[in-house]
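Here are a few notes to read alongside the model. Have it open and follow the points in order.

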Amino acid sequence: MFAANREEPQLVVAQARALAKQVPILYAILSIDAVAVSYTHYRVAPDWLTIYPLSILLVACAVRMLIWIRRSREPADAETCARRLRSTTRIAPVLGVAFALWAIFLSRHGDATTQMHAAYFLNITMVACVFCLLHLRSAAVLLGLIAIPITIYFGLSENHIVQATAINFATVFGVLMFMQSTFYRDFRSLVRLSGENARLANIDALTGLPNRRSFFSELKIQSDEAVASGSAFTVGMIDLDGFKPVNDTYGHGAGDEVLREVARRLELAMREVGWIARIGGDEFGLIIKGEANVAAVGRAICVALQQPYLLREGTAQIGASLGFASYTDRSDTAEILVERADYALYFAKANHRGTAVAFTEEHASRLRSESKIEQALRDAEFGTEFGLVYQPIIDARAGRVVAFEALARWNSMRLGPVSPAEFIPVAERAGLIHCLTRALLDKALGTARNWPTEIQIAFNLSAYDIDTPEKVSMISDLIVKSGVSPERIIFEVTETALMRDFADAGRALTALKDLGVSIALDDFGTGFSSLSYVHRLPLDKLKVDRSFTADLCEDAACRNIVQSIIGLCRNLNLTCVVEGVETSEQMLLLGALGCTNMQGYLFHKPMAEAEIAAFLAAQNGCAGDGPTVSTAA
Ligand code: C2E
Ligand code: CA
Ligand code: CA
């Protein structure tokens with residue numbers, strides 16, 4: 001009871017915090033009461049009993065008061081707090097005894113009134129001190145013990161009033177001791193309860209890992225430490241690949257089981273190197289302390305998470321992508337490191353799925369230019385700064401235009417023309433793509449309304465345009481409002497878009513198809529093409545990426561790939577469109593391989609809306625009958 005509780009550091013800190021407020025008051029009361037009692041005994045008792053002890057007591061009280069006031073302003077750990085409590089427990093009885101002896105000696109001088117004052121001074125001051133020490137049971141109890149001989153002493157007085165006062169004092173002190181014990185018990189349970197609440201508020205209930213809130217507070221501690229001492233650390237962001245399909249296929253119970261197992265494997269992989277937290281649904285954050293081999297840790301994590309998950313419902317397989325960013329200098333705040341790790345993760349997801357990517361100088365310069373683009377995008381006037389150009393898709397065998405693909409153009413007020421290859425990914429990351437799509441689709445449909453009805457409009461959709469049923473229904477509303485027949489509309493989506501969440505994407509595409517539009521899989525061959533996806537999705541067309549066309553005539557492997565894709569399309573009853581046709585040789589070779597639909601600079605570069613009528617008229621002029629095409633390269 002008399003030692004500060006080592007097992008309950010939270011209690012010790014709470015006690016020290018409470019005492020830091022109350023002990024200065026205790027010393028103030030002591031000082032005032034001591035001045036008062038010295039005043040009534042001045043010249044009644046000798047100076048060595050009034051002025052001298054008072055001076056010593058006042059100096060001692062002032063020093064202790066200042067020490068405690070300073071302490072109340074400094075943060076202290078449990079060890080320091082425990083030391084303070086121990087010293088208070090030692091000092092309290094010493095001061096108690098000193099005051100008691102002083103009061104007793106004073107009470108021997110003067111008349112009944114001054115005697116009474118000395119007794120009263122002692123009683124009331126002791127009671128006030130116990131009140132101030134309510135949070136420190138050991139000190140309060142020691143004062144209680146000192147009260148016993150004091151009561152006996154005054155109880156044995158010949159003065160009946162003093163005797164009666166001693167009885168009052170004993171009663172009050174007894175009750176006070178009882179209250180102290182009840183109060184202290186309640187205080188301790190309150191501290192324990194708030195400790196438990198704080199623990200629960202910082203833990204992820206499903207996995208038992210620290211949660212997002214703890215991750216960011218730990219990160220703040222690490223970064224403060226790094227700034228103060230230059231110690232190295234690395235922030236990592238992990239995102240599971242293919243987790244949602246597990247949830248969709250086996251149910252949420254199985255999903256939870258996978259997350260728990262992921263947490264267990266991560267803890268194992270991070271043992272001794274750092275700290276791991278669950279910061280979102282299937283996102284985890286990690287902090288690696290010191291100069292660890294980050295690449296090796298990343299690889300180990302990827303390998304560990306790729307191993308099969310044996311569930312009651314079956315076996316699940318998922319992967320994980322990781323982004324890392326290391327602290328380099330004092331300007332790297334926790335927020336900057338998280339942003340960098342996030343960027344490296346985004347880069348891993350887009351380019352090296354299932355691997356760990358560390359943030360590099362190259363990423364830094366990309367991030368800088370993307371931030372500029374993002375800022376300009378946020379301030380952009382979508383209606384006026386953005387426009388569309390249209391590139392024809394040709395049926396080379398029939399020699400006619402079958403569709404125009406709408407391609408976004410941005411003439412930024414601040415940055416000048418920016419390529420869609422740059423601003424579309426930024427708009428996606430910044431959550432702005434949906435607004436942009438709405439503005440552009442509205443424009444594209446308005447333009448297509450003026451074309452001959454046999455010509456279709458192809459429009460590129462991003463993954464983020466179809467990730468919720470609300471967005472899909474917004475697209476459908478725009479189509480209805482435009483009056484363009486859905487049969488004339490082709491939506492182009494890339495494989496990477498579909499791979500983000502295969503089940504959701506499949507549902508969104510089916511919803512779009514139900515409107516009557518066609519779906520084309522864009523940039524085919526560049527992503528993670530899997531035949532099982534191609535045949536499970538409601539597709540109408542495959543667009544062979546232009547990287548295959550570029551080497552078509554020189555590279556036999558390229559030719560074989562394109563030929564296989566053309567064969568695949570024929571078997572699955574899909575239309576095959578080859579992009580990036582720039583030369584007549586490529587066109588002829590593709591024709592020989594059985595491809596009819598082509599697109600590329602050979603036929604025409606993307607053109608402004610105003611040029612379309614003349615372009616179509618020229619084609620009509622060539623053939624005389626229906627829109628036909630001549631090469632324009
Ligand atoms: P994409 O959908 O694959 O579009 C074809 C890109 O190839 C266009 O680039 C086009 O100008 C270019 N191209 C066409 N024929 C040839 C050729 O013969 N040779 C070469 N070298 N290039 C050719 P662009 O307009 O810069 O668009 C780049 C990408 O930006 C598009 O690739 C598409 O993924 C995206 N994008 C463009 N507009 C939109 C849009 O409105 N929404 C969304 N979500 N993405 C868009
Ligand atoms: Ca496209
Ligand atoms: Ca493409």
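1. Start with the two calcium ions, ligand 2 and ligand 3: they sit 4.0 Å apart, and Asp-522 coordinates both. Keep in mind that this is a predicted model.

2. Now look at what holds the calcium ion (ligand 2). Its protein donors are Glu-405 (OE), Asn-460 (OD1), Glu-492 (OE) and Asp-522 (OD), at 2.1 to 2.3 Å from the ion. Along the sequence, these donor residues follow the spacing E-x54-N-x31-E-x29-D.

3. Glu-492 belongs to strand E12 (residues 489-494) and Asp-522 to strand E13 (residues 518-524), so the pair, 30 residues apart, links distant parts of the chain.

4. Next, go to strand E1 (residues 233-241). Nine of its nine residues are buried, so the rest of the structure largely encloses E1. Phe-233, Val-235, Met-237, Asp-239 and Asp-241 point one way, while Thr-234, Gly-236, Ile-238 and Leu-240 point the other way, and all are buried.

5. Which strands does E1 pair with? One is E3 (residues 283-289), antiparallel to E1 over seven bridges; there, Asp-239 stands opposite Glu-283. Another is E6 (residues 319-326), also antiparallel, joined to E1 by eight bridges. In E6, Leu-322 is the bridge partner of Ile-238.

Methods. Residues are numbered from 1 along each chain as its sequence is written. Chains are lettered from A and ligands numbered from 1 in the order in which they are written. This is a predicted model: local features need pLDDT of at least 70, side-chain atom pairs count only at pLDDT 80 or more; totals for chains, interfaces and linings use all residues. Side-chain values use heavy atoms; hydrogens and water are left out. Buried means under 20% relative accessible area, exposed over 50%, partly exposed in between (1.4 Å probe, protein chains only). Helices (H or I, at least four residues) and strands (E, at least two) are DSSP runs, numbered from the N terminus. Two strands pair if DSSP finds at least two bridges between them. Donors are N, O and S atoms within 2.8 Å of the metal (3.2 Å for Na, K and Ca); water is not among the atoms, so sites may look incomplete.
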